[in-house]
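Student: I would like to work through this model with you, step by step. Could we look at it together?

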Amino acid sequence: MLLSLVVHTYSLRYWFPATVMLGTAPAYLLSWGAWRLLSTVLPARVYHRLDDRLYCMYQSMVLFFFENYTGVEVIIYGDIPKNKENVIYLSNHQCTADWIIADMLAIRQSALGHVRYVLKDGLKWLPLYGWYFSQHGGAYVKRSAKFNEITMKKKLQTQTKCGAPMYLVIFPEGTRYNPELKSVIAESQAFATKEGLAVLKHTLTPRMKASHIALNAMNDHLDAIYDVTVAYESTLSASGQRRPAPSMPEFLCKECPRVHIYFDRVDIKEIPSEPLFFRRWLHERFEIKDRLLTDFYESEDADKIRTFPGEGKHSPLSLSKTLPSMMILGGLTLPLLLTESGRKVYVGTWLYGTLLGWLWVNAFP
């Protein structure tokens, strides 16, 4: 009985925020859909301005749960620019929570609404979200030979031509690093050896295609690349072994007390555009990440383990940046759930929104 109660209480730590985040999606989509229809006669710049504000509202609500609710301590090494910039965000990739880390940095720069993602193609099938991420300016890509360079380049250029601010999130490794998936790590290291590149231990070998296309497609629009290295403190076991990073449900269950984020801004003028030199530059950046993570997980120096070089600053997120969004979206959702007609609209939005989204995303990638 007691064990059952403990398990039930533990699951509520995840199900409560998940229910709120998923439950407010139809109300959000209806609000966005109304604006999309109204804005068809307006310049694209005007549409993107309010779309970014709506997206900022929803993601602020998401961050209420991932930061304020969990109480996670965010430690940042390096200085985030105070002013908004048009950037490409490059980071190591370990788990689904990595997407939230990008939001954590963006909101501290008041650029949360500008976040757009380069996502693997399979995620376009996510109900409602898959379609909306595309509408918000994200790009879906397939791996290896199936990668459609023209589609991605066209998508990004469409965004920049209308002046949409850009905070484009890319994970160059292409898939997540999991220390338990030895075959994936071995395959990545074998590829590096074959290509004459340094073998990496705590990251996978980065693939340059998506990053290079983004750089070339938006070069005149960009100010910098944000090179970000993330380590979840909970991934270092008591025996000194690296463990898999927390999934979103595990993160919401407060299994990660502290996140370390190493931030490095690289001016766009310092980045080579020629493919061969860009590939070398990108791999060198990941060699730096690998050294940072090696010290974080393996250093015998007590001052280096579980930390990054430099001064780590605790960066708490004010409730004033997140709680209002949750209250607004909750207020929009409740009327849909309290009446029979509202519930029909709610369910219909999920069903028809998902169906139309799938059709749209496949017809207009």
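Tutor: We begin with a term: a residue is buried under 20% relative accessible area, exposed over 50%, and partly exposed in between, with a 1.4 Å probe and protein chains only. The model is predicted, so local features need pLDDT of at least 70 and side-chain atom pairs count only at pLDDT 80 or more, while totals for chains, interfaces and linings use all residues. Residues are numbered from 1 along each chain as its sequence is written, and side-chain values use heavy atoms, with hydrogens and water left out.

Student: How many residues of helix H8 are buried?

Tutor: Helices (H or I, at least four residues) and strands (E, at least two) are DSSP runs, numbered from the N terminus. Helix H8 spans residues 209-218 and is mostly covered. Among its buried residues are His-212, Ile-213 and Met-218, and the count for H8 is 8 of 10.

Student: Which strands stand at the edges of the open sheet?

Tutor: The sheet has 8 strands with mixed pairing, in the order E4-E3-E5-E2-E6-E7-E1-E8, where two strands pair if DSSP finds at least two bridges between them. Two of the strands each have a single partner, so one side of each is left without a neighbour in the sheet: these are E4 (139-141) and E8 (312-314).

Student: Which residue in E5 does Val-115 stand opposite?

Tutor: E3 and E5 pair in the parallel sense, over 3 bridges. In E5, the residue opposite Val-115 is Tyr-167.

Student: Is Val-41 buried or exposed?

Tutor: Val-41 lies in the loop between helix H2 (25-38) and helix H3 (44-69). Its relative accessible area is 73%, and therefore Val-41 is exposed.
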